[in-house]
Every structure is written in C-alpha cells, then in structure tokens.
Amino acid sequence: MWRKLLLMGVVGALNAPWIDAFAAPSPAGTRAATQVVFPDSDTSSRGVALVIGNGAYPDHALENAPRDATRMRDALAARGFDVITRTDASPQAMKAALAEFARRLRHGGTGVFYFAGHGLQLAHDTLLLPSGVDARAPASLVKDGVNLEAALQAMSAPRAHKLNLVILDTCLNNPFEAGNSGNVAAPPQTLIAYATAPGGFAADGPRGGVFTDALLRALSDGSTQDATALFTYAAANVRAMAGDAQRPQLVSSLDVQRVESVHVDVAGADNAASFALHSRGILPKDSSEQYELTFWDSIKDSTYPSDYEAYLKAYPNGRFATLAHARIDRLRAAAKAQSAPEATHAAPATTLPPLPPEKPRTTSAAPAPAPAPAATSPAKPVTPAAPAPTAAAGHGTNNGESKDCATCPMMVSLSPGSFAMGSATDDPSEKPVHHVTIEAPFAIGKYEVTVEQWNACVDAKACPPLSSDNNPSKTAPARDLSWDDTQVYVKWLAKTTGKPYRLPTEAEWEYADRGGTTTQYWWGDKMAKGTANCKDCGDPWHKEGPENVGTFTANPYGLHDMNGSVWEWVSDCWHNSYQGAPTDGRTWDSPGCNMRVIRGGSWREGANYMLTSTRFKYSSSVRQSQDGFRVAKDLK
C-alpha cells in the first residue's frame, strides 16, 4: 500500500468591538455600501477563495464540515472565484494552503476565507482546529490550533480592488476558562462573519452547518451585492431558526449600508429541533475545573517545556501556574548543560501533532525477503566494525572523519561504488529496482545537522531561527525545516569553509544508508529493536521528539540515525517512480520543481518506515516538524 505522511499556528490578537448582526439600523446618511463580488461583477478583479472543511477529529467527528466546504467551493467557483479547497487538513496542510492563498491574492480582487470545523476562543485568539487534534489531549488544542490571525495575515498585503471576507462556521467557546474576550477588530477592507458570538456555539443541521446553509441560500438569492446586507440576511435567518441559542456576529471595517429591514426566509430551513447546537465546538465532558485537572494530568510528567507553555496559555492564573513556570525554568537550565554530539540521553523537545494511523506495508515478489514483526527482545547491535554483506560492484569504505570548523558537521568520507537502488514492494515510487554507480568519492554527515550547528548559521545572520518545535538541546537534530531552508544552510556552510557543501543526492543517500548491504534494513531483513529511533523500534523513545544524534548505533559506514530520528531532505525532485532515473548517482531534477524527496522516516513512524528504500515527498517551501537533513560534500 501507499504510505502516507501528513506533513503548522501563528499567534496574534485582534482588538475592536464586536458588531451585532441584529443591531439597530444605521442612521440615514451612512456612506455607500461596499460592493462584493457575490455574484462576480464586471468591474472588479477575479476573486480568490480558500475553503477549508475539517471533520476528522478522533473524539468528535464532524460529518458535515467537509460537505459544507464542498458546497461553498461550488458556490464560489460558479461565481468566478479561483478556489483553493482543503478537507481534513493537518496543521501543516492548513499553513501551506494559507501560503498559497496569499500568493494567488497578489493579483488583486476579493479574497474569501471560509472555515468549517471545530474551533475555540482562547483569550484574544480564535483557534481553528486542524483535523486530528484530540480534546482528550488538551495541550494539542492550544499548540496545533491555527490562529485566525494567520488567515488575516495571508489577506493583508496591498492589492488592487482589495476586499476581504472571512467566514467561520465554528464554535467560539473556551473549554479552558469561563472568560472569553470579545475584543476583535477587522483589518482595513475586511468583514469577518462568525457563526456565533464569543463564547457561543454553532449548530449543525441534517444537511450541514446552519450558518453555512443560510449563507448559501443568501448567495443563491442573488438580490444583493452588498457584503454587510448579505451576511446580515444570513445571520437573521439563523437567529429566526435558532433564537438566542445561536447569534451570528459580524465584525467589519467596510463602509456600511443602511439596512432598513431584513427578509427572513425560514420555509426551507432546517427545523430547530434537528439542530445539534454544540456540534462545532471542542467541549470537555467534565466541568471547567475538572478539565484543568485533565490538562495538567496529561503533561505533569513531561520533559518538554512547550507542554507547560501550552498549559500557561490556557490557564495563565491556573492552580498549577507556579509549578509550570518552575518546570520550564528547570528544563531549560538542564538543556544548556547537555553534552557533546556523542551524548546518549534524550532531552526536551516539543510535542507534535499526531499522524494518521499507518497503513501496513506489504511486499510482493521481491529479491529481498519481506520484513518480519519487530523482535520481542533487543537484538545485538551492529557496530561499525561488523562485517557488512556486499553484493555491490564497489565498496563505500570509510576513509576517515573530518570537520572543517568547530561548529561544522562531522563528515565521513565514502569511496565510489555500485548498488541496487529501490525495492520491489507494493510502493510504486520505489520501483523499478535499478543499478546505480556512484562514480566519485563524497563525504556525508556522520549525524544529522544539529541544533547547535544550525544556530551557528543563525548567529551569523544567514539562517532563520529554529521554530519552538525544536528540542533546546544543542545535540538534538534540527527540524521543522523546509528544503529551501536547507539550501540557505549549505550555501552559508560552503561560503564559510570554502568547501563544496550541498545536500546528498537521493542515490548517494541510499548508498550511504545501505552501508554495503543488500537487506531490507541495513542491519538485516528483520526489524531489530535498538537500531533506529522510531515508535516501535525499542528504547530510548519519546513520542514528543527525536533523541539526540548518535544515541543509536552507527551503520557499517559509521553513519548514525539514517533511519528514524527525522526525515532527511535530499537534493532530488520528486518523481512518482524510478522510471528514467539517472544511474550515475547525480541529482534527478526537473524545471520548476517544487516537490522534493525526503528519506529515512522519523521517530513518529513505525518500523515499516525504517526500510532503507523508504522515500516520500514534501513541498520544498513548507516546514514540517519531522523534517531535518544531513549535508554532503564533494571530495574531488
């Protein structure tokens, strides 16, 4: 089967009063209304919309939210909008979609951001929850929720015929504390339509979200192009059906039209008795007090500062606030005392969003045997001195280790050689198996690039700072890095040392990982515990982050953590198979490529991702918390 990896929040606050959609009509003399391209008009630029519908939540699935996104997509596309649609999006997928939205909006026109799914209010922040977050793990709501400010920022750049419409069919309750802030302001030329008031709940009907249903009816009516009147019409219909149980709110910086009266059409609406009022909110089953205890109990033994930071964001004056501050200080102090790259103890990292359940990897007829279940007891580790079975035409023997500067990666020199690349498993991207000859010697990092090594580039003002997802230990692998970020680092390293540093090619990476072996893992054809940093590969393992580099034994070429730890970027462009791949080990590139190859799996995956042939892809410009890299260097 295909393996899947779902490879995200921006913090901000808005400050302005709410506008009640049912407030008294504006006095005569109000300025002319802002016209909106509902439907599209001949006088404005073509609009761009980002439509997101998330329903795959493990504790409270929303069947209607992806359906609502599809209906909204169709309605907007019919009116000439260029629509970007995402359903059941992870944090990273939501961030990537927002970046694409911002790029397309540069051409001008109306921008529409629509979100259907679970949401919550946290002090001044409105958090839109990606698929996969679980209310039973409260810290994930805070850390993985995408702030509304991220959408507003994507729409903020100046452009021709600018008009921003934000539509949120989500609850706005705060599951952590009773108090909610209503201080929200719309940026210039922006209208934000909330399905409910701060602290309130949004209802689902039989067909979809009640607010979305009302808005789509307003759109299909087509009697007005005025933004305020259009959303007031939809909001009035919701209140007519739900009464005060759901009270949509508008926040607007647009010129406002006088609205004398609002026609309410409830004939085709869902009956209020069929509403599921709390359907779009993450709600604890316990009281607010009990939920704080649930939150603290879920993190009290954590060795990761970000867990305690999430608690403090949810409960700034909580009963455990003093203890949380003390633990953050203690963990950060301990991290500064971490040892050199050869250290063998894990240090704090940041909890990451869960991945979807893995699909089992099966094998078909192949030159190598199928992987067996993980061993029940740790196997004897393979040391670099152990003999490596080789059926290759050449041997990539270790010609020594070297460093070009104090904070440079330790490099291992490899000789030219040949090997069979790929596999005959049921993953078509690894086929066909093909013979590759590495024609020139090269060096590759003994370890993945570490936090300390990346920070040397940051200190030189050449690289961007690492995200808070990173473990503060200087010997942890640097992660949450895009392919573009790695290019910045290798160019800086090459300029600093005068040596030809770069990313390894995909062929070089697999050649180095195999270590002269022809088995499915470099240590054999069966999974052996204690050989890789993955979730069912044996201790040490922590779900929150990878271990320090060098914690696990090296492969026969003296390279650590090629499998597990973090996914590693290579230089090649992604191709869906090896059909037509070069056989001399060079980079396989394509003009305008924006999808690059990552190799080796990470600590978050299981043993079936640790096979030497494992490969995957990710957008070159997007950061993902499980992606890191190691460097290579030409030796000619």
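**Exercise 1. Describe the disulfide of cysteine 457 and cysteine 463: the sulfur distance, the handedness and the burial of its ends.**

Step 1. Cysteine 457 and cysteine 463 are joined by a disulfide with the sulfur atoms 1.9 Å apart. The model is a predicted one, and this distance lies inside the cut-off, within 2.5 Å, for a disulfide.

Step 2. The torsion about the S-S bond is 75°, and the link of cysteine 457 and cysteine 463 is right-handed.

Step 3. Cysteine 457 and cysteine 463 are both buried.

**Exercise 2. Find how many disulfides the whole structure holds, and how the bonded cysteines pair along the chain.**

Step 1. Searching the whole structure gives four disulfides.

Step 2. With the bonded cysteines of the chain numbered in sequence order, the pairing reads 1-2, 3-4, 5-6, 7-8.

Step 3. One of these disulfides links cysteine 405 to cysteine 408, with an S to S distance of 1.9 Å. Its torsion about the S-S bond is about 100°, so the disulfide of cysteine 405 and cysteine 408 is right-handed.

Step 4. The ends of this link are then classed by accessibility. Cysteine 405 has a relative accessible area of 25% and is partly exposed. Cysteine 408, at 1%, counts as buried. The limit that applies is 20%, under which a residue is called buried.

Step 5. Another disulfide joins cysteine 534 to cysteine 537, S to S 1.7 Å. The angle about its S-S bond is 80°, and the link of cysteine 534 and cysteine 537 is right-handed. Cysteine 534 is buried, with a relative accessible area of 0%, and cysteine 537 is buried, also with 0%.

**Exercise 3. Decide whether strand β4 is enclosed or open, and name the strands that pair with it.**

Step 1. Strand β4 covers residues 110-116; seven of its seven residues are buried, so the strand is largely enclosed by the rest of the structure.

Step 2. In a regular strand, side chains alternate between the two faces of the sheet. In β4, Thr110, Val112, Tyr114 and Ala116 point one way, while Gly111, Phe113 and Phe115 point the other way, and all are buried.

Step 3. Strand β2 (residues 48-53) pairs with β4 in the parallel sense over six bridges. Across this pairing, leucine 50 stands opposite phenylalanine 113.

Step 4. Strand β8 (residues 163-169) also runs parallel to β4, joined by seven bridges. Here valine 112 has leucine 165 as its bridge partner.

Definitions and conventions:
Residues numbered from 1 in each chain as written. Predicted model: local features only at pLDDT ≥ 70, side-chain atom pairs only at ≥ 80, totals over all residues. Heavy atoms only, no water. Buried < 20%, exposed > 50% of the residue type's maximum accessible area, 1.4 Å probe, protein only. Helix = DSSP H or I, 4+ residues; strand = E, 2+ residues; numbered from the N terminus. Pairing = 2+ DSSP bridges.
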